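User: I am new to reading protein models. Can you take me through a few features, one at a time?

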Amino acid sequence: MTKRAPTTPEQRLLHTKVLVQLHDLHDAEATVVEVLDDVPDDLTALSLYAKIKHMRGELSAAMACWAQINARSPHHEWALTHLQAIMHLARDPERGAEEFMALGQFQLIRKSAAHLALEEAFRLFLARKPHDARARCASLAAKYESRDRDIYKLAVLANAWIAELSGEFHAAAVILERLGTERGFETDIDRILALERVYERLGTRDKLQAAVNICHHLAGRFEKISVFQRLAILYRRLGETERAREYDARHLAAFRRRMHQVTLAEVTEVAAERYLPLMRLAPLRLADRELPRNASRRQHALAHALLGEPDRARSLFAEGGEGLDLRYLGDLAVLAHHPDDAVQAYLRALKQDGPDEQVLAWLLDHHARTGSPSVEAFFANPENAARGRKVLEEAVRRVPLRPSLWQQLGALHRLRGELEDAERCALHAEALRRAAGVDGVPVGRVLASAVYHFGGKPKGLIHEVWAGRQPTGKGQGGWLAPQDVLGNLTTEMREGVRNTFLAVREYARAKLPHLTTDILDYHYSYKLPKEDETSGGLSAGLPTALAFLSVFIQRPVPQDVAASGVLVADAHDVLTVMPVGEAEYKVKAACHRNLRALLLPTGCRAGLVENTAVPPAIVDEVVRYVGNLDQAVRLVFGEDIFVPPRRTGGA
């Protein structure tokens with residue numbers, strides 16, 4: 001049985017989800033691009049494409065996708081986004097003087113007289129004159145009530161929002177309820193969402209029940225995942241704990257779907273049609289471990305294999321006897337450390353179905369290690385060798401930078417006695433491996449979790465910070481010059497980077513003297529990529545500190561861990577990690593990037609417990625809290641980092 005390519009857009013997207021979880025991003029991107037070519041408006045495909053770009057570090061492309069998703073979303077909160085953008089401009093007089101305002105990364109609108117009036121209202125609010133601000137909004141609403149219904153609605157919602165921000169929840173509710181009595185605004189999404197938020201803040205039982213009714217109305221119209229968490233919170237406040245747990249579970253499931261995490265049912269559905277080695281599937285964290293009632297024999301076999309029941313899996317695969325079953329029987333033998341049985345199963349599969357790139361790779365690697373006579377005899381057949389060579393050459397054309405493919409192609413040439421070609425492939429594989437080593441175990445490169453805004457609406461992302469060094473005369477270095485802080489950084493952030501460098505240098509000399517004997521023999525540099533966006537603030541203090549420390553001690557930082565936190569030097573050997581804002585969006589970014597962990601300040605814990613954007617189970621799964629740099633260093637570099645290694649030999 002040959003592997004069947006997924007046909008419908010839904011099947012192709014499911015296949016893409018699994019490939020993304022396996023970090024096979026090249027093939028995943030190719031598949032999702034095909035879907036977008038066929039169905040350009042598919043939001044799920046666009047969301048998957050954004051995730052792939054985010055995971056690859058192609059932030060400009062990811063942000064462009066998010067802007068499209070935000071604009072096309074059926075439950076896009078247009079009014080709140082617009083008002084947040086106007087308030088953002090009101091906080092920044094220099095930018096507020098510009099003729100245009102941004103609603104997204106690539107979306108600008110020209111300011112009208114109404115926008116300027118709303119900016120003035122928010123300036124009054126920020127100047128602690130909320131009643132004057134509300135009066136300005138009410139005047140604007142009266143002016144546009146019969147002239148422009150969109151401006152009228154925006155002015156009324158601005159009035160209600162300023163009342164809410166000022167703690168005048170009853171006044172905000174009255175404004176929103178009155179707007180709902182007017183034709184055209186009865187079911188307006190912006191009004192309803194604002195009203196639910198205000199009812200929850202009022203907190204009386206009847207208002208909480210009204211908020212529940214609104215949330216159920218919204219959940220019936222579309223899946224806005226935060227609605228489920230709102231319902232969980234509301235039912236908990238109403239004392240209905242069972243209903244609260246129900247909506248906690250629904251929120252968790254919806255969040256996992258939004259992050260494109262895969263379930264056992266999805267993985268087995270894909271793997272039952274297309275070979276995905278069990279060795280790669282086994283480490284996956286599955287969002288759900290149930291199979292549908294109509295699951296096939298092979299799906300059940302795969303489930304048993306992934307759930308640690310190899311004997312039952314082996315029995316079910318053996319019942320089928322098709323080429324795909326034989327490949328999985330070979331995988332089970334590999335996992336059970338029976339390589340000879342694996343060779344026989346794989347060779348039978350190749351004879352039955354023809355060459356498979358992943359099976360060929362395992363067989364050639366196995367032969368390179370053991371000199372397996374069975375593998376050698378199989379490739380002694382010119383037809384088998386030619387077909388295998390064709391598959392591997394197609395693979396290296398598709399993914400030319402993968403060193404293992406060149407190594408396997410070289411092994412096949414060597415088996416055939418084609419020594420010159422074998423040597424050429426081996427040298428190229430080694431060159432790629434050295435280059436990949438720089439990317440795979442980078443010294444001085446750290447992932448940082450940050451937040452940017454679409455017209456005031458927060459969006460988390462993961463970006464890199466880089467630190468490097470260049471040798472100088474012995475004892476003549478140890479500095480980070482201003483011109484060596486590179487990137488589009490605000491003045492505050494540039495100063496923060498240099499402060500962090502000096503603090504971490506002294507910390508490293510005090511805490512890690514056995515690893516920093518040459519710390520003054522180099523000049524250092526710092527780079528924040530993505531120059532087309534200005535970066536500011538001090539929340540990159542923790543990842544910046546880890547990047548400098550990585551360079552000082554010449555140890556790599558895991559690339560499945562990100563960090564965010566403000567660093568404060570209490571003493572030369574005591575660096576405290578202080579809280580950052582919008583932590584929940586940084587957690588979402590880490591989940592979206594499929595990271596193993598996110599280091600956050602201990603001071604963020606309380607806010608994350610109460611947040612509505614990320615389920616508590618996800619927070620517990622991803623976040624590691626740190627109160628100082630010592631704790632972060634142990635998590636990143638290992639528990640024994642502060643202990644000098646014992647000397648071996650000698651007296």
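User: Which residues of α13 meet α14, and which residues in α14 do they meet?

Analyst: Keep in mind that this is a predicted model. To read a helix pair, list the residues on each side of the contact. From α13 come I225, F228, Q229, L231, A232, Y235 and R236. In α14 they meet R243, A244, R245, Y247, D248, R250, H251, A254, F255 and R258.

User: How does that contact divide into nonpolar, polar and charged residues?

Analyst: The contact of α13 with α14 has 9 nonpolar residues, 2 polar and 6 charged.

User: At what angle do α13 and α14 pack, and how far apart are their axes?

Analyst: Helix α13 covers residues 225–237, and helix α14 covers residues 241–258. They pack at an angle of about 165°. Their axes are 8 Å apart.

User: Why are α13 and α14 called roughly antiparallel?

Analyst: Angles over 145 degrees count as roughly antiparallel. The angle here is about 165°, so α13 and α14 are roughly antiparallel to each other. Handedness is a separate label. The crossing of α13 and α14 is left-handed.

User: Let me try another pair. At roughly what angle do the axes of α18 and α19 cross?

Analyst: They cross at roughly 155°. Helix α18 is residues 310–320, and helix α19 is residues 323–335. The axes come within 9 Å. Apply the cut-off again: α18 and α19 are therefore roughly antiparallel to each other. In this pair, α18 passes α19 in a left-handed crossing.

User: Which residues make the contact of α18 with α19?

Analyst: On the α18 side they are P310, A313, R314, F317, A318 and G320. On the α19 side they are D325, Y328, L329 and L332. By class, this contact has 7 nonpolar residues, 1 polar and 2 charged.

User: What is the angle between α20 and α21?

Analyst: Helix α20 (residues 339–353) and helix α21 (residues 357–370) pack at about 140°. Their axes lie 10 Å apart. Now use the cut-offs. Over 145 degrees is roughly antiparallel, 65 to 115 is roughly perpendicular, and under 35 is roughly parallel; the rest is oblique. So α20 and α21 are oblique to each other. As for handedness, α20 passes α21 in a left-handed crossing.

User: Which residues of α20 and α21 make the contact?

Analyst: α20 gives P339, A342, V343, Y346, L347 and L350. α21 gives V359, L360, W362, L363 and H366. The residues of this contact divide into 10 nonpolar, 1 polar and no charged.

User: Now a single residue. How far apart are E357 and A395 in sequence and in space?

Analyst: Always check both kinds of distance. E357 is found in helix α21. E357 and A395 are 38 residues apart in sequence. In space they are 7.6 Å apart, C-alpha to C-alpha. Set aside neighbours within four places in sequence, and E357 is in contact with V391, A395, R398, R402 and L405.

User: How many cavities of 30 Å³ or more does the structure hold?

Analyst: It holds 1. About 100 Å³ of space lies in the largest cavity.

User: What lines the largest cavity?

Analyst: Its lining has 10 residues. Nearest its centre lie L80, L157, D190, A194 and R197. Next, ask which helices supply the lining. α5 (78–91), α9 (149–165) and α11 (189–202) each supply at least two residues. The largest share, 4 residues, comes from α11. By class, the lining divides into 7 nonpolar, no polar and 3 charged.

Technical notes:
Residues numbered from 1 in each chain as written. Predicted model: local features only at pLDDT ≥ 70, side-chain atom pairs only at ≥ 80, totals over all residues. Heavy atoms only, no water. Axes fitted to C-alpha atoms, helices over the stretch in contact; angles between N-to-C directions. Left-handed = near helix turned anticlockwise from the far one by under 90°. Contact = heavy atoms within 4.5 Å. Nonpolar A, V, L, I, M, F, W, Y, C, P; charged D, E, K, R; others polar. 1 Å grid on protein atoms, 1.4 Å probe; cavity = no way out; pocket = protein on both sides within 12 Å on 5 of 7 lines; lining within 4 Å. Points joined across faces, edges and corners; volume = space filled by probe spheres on them.
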